[in-house]
Amino acid sequence: MKKKFSYAWQGIATGLKHKSIRIQFILAAMAMLAGIIMRLKPMEWAAVIICIGAVITAEMLNTCIEKICDFITKDYREEIKVIKDIAAGAVLVTSLAALITALIILACHLGMLS
């Protein structure tokens, strides 16, 4: 069991070598800082943490899919393009859901929503 956690931490460290994953971690830190400044309520924090986890997970899985596709072939193939596009689309959908969640929380704190 201990080795599994070690491998998982190693996976996170390896993921952080990729620019797109590093960017997501930086954005997550910025979201956390904004949450502290805005004094989020516990349920708001829960939503933010779930969104952060979902976006980072989606980005890490997208990176894995890209690596697998590149391992299979470096040549352009329409099938590989479709796979990579769908994986990137999953990151976009997750990121948009996180953005909408953030906007709802912000609107509530600005008194725009009750």
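View 1. Take the contacts (heavy atoms within 4.5 Å) between residues at least 6 apart in sequence: 63% of them in the chain join residues at least 24 apart. This is a predicted model, where local features need pLDDT of at least 70, side-chain atom pairs count only at pLDDT 80 or more, and totals for chains, interfaces and linings use all residues. Residues are numbered from 1 along each chain as its sequence is written, and side-chain values use heavy atoms, with hydrogens and water left out. As for secondary structure, there are four helices and zero strands, in the order α-α-α-α along the sequence. Both element types are DSSP runs numbered from the N terminus: H or I over at least four residues for helices, E over at least two for strands.

**View 2. Overall dimensions and surface.** The C-alpha trace spans about 55 × 40 × 20 Å along its principal axes. The radius of gyration of the chain is 17 Å, whereas a compact globule of 114 residues would come in near 13 Å. That radius is taken over C-alpha atoms, and the globule rule is 2.2 Å times the number of residues to the power 0.38. Buried residues account for 21% of the 114. Here buried means under 20% relative accessible area, exposed means over 50%, and partly exposed is in between (1.4 Å probe, protein chains only).

**View 3. Charged side chains.** The chain carries 13 positive and 8 negative side chains, and the centres of the two sets sit 13 Å apart. Lys and Arg count as positive and Asp and Glu as negative, while His and the chain ends are not counted. Each charge is placed at NZ of Lys, CZ of Arg, CG of Asp or CD of Glu.

**View 4. The largest nonpolar core.** Six residues make it up: Ala28, Leu40, Val48, Ile52, Ile56 and Ile105. Helix α3 (residues 42-72) gives the largest share, three residues. A nonpolar core is a set of buried Ala, Val, Leu, Ile, Met, Phe, Trp, Tyr and Cys residues joined through side-chain atoms within 4.5 Å. Leaving out neighbours within four places in sequence, Val48 is in contact with Leu40 and Ile105.

**View 5. Ile105 and its contacts.** Ile105 belongs to helix α4 (residues 78-109) and counts as buried because its relative accessibility is 9%. Not counting residues up to four places away in sequence, Ile105 touches Met38, Leu40, Glu44, Ala47 and Val48. Met38 is 67 residues from Ile105 in sequence, yet their C-alpha atoms are 9.6 Å apart.

View 6. Gln24 is in helix α2 and is buried, at 15% relative accessible area. Beyond four places in sequence, Gln24 touches Val55, Ile56 and Glu59. Thr63 is in helix α3, and its 8% relative accessible area makes it buried too. With residues up to four places away set aside, Thr63 touches His18, Ser20 and Ile21. Thr63 and Leu16 are 47 residues apart in sequence and 11 Å apart in space, C-alpha to C-alpha.

**View 7. Arg39 in its loop.** Arg39 sits in the loop between α2 (19-38) and α3. Its phi is positive, about 55°, although Arg39 is not a glycine. Arg39 counts as exposed because its relative accessibility is 71%.
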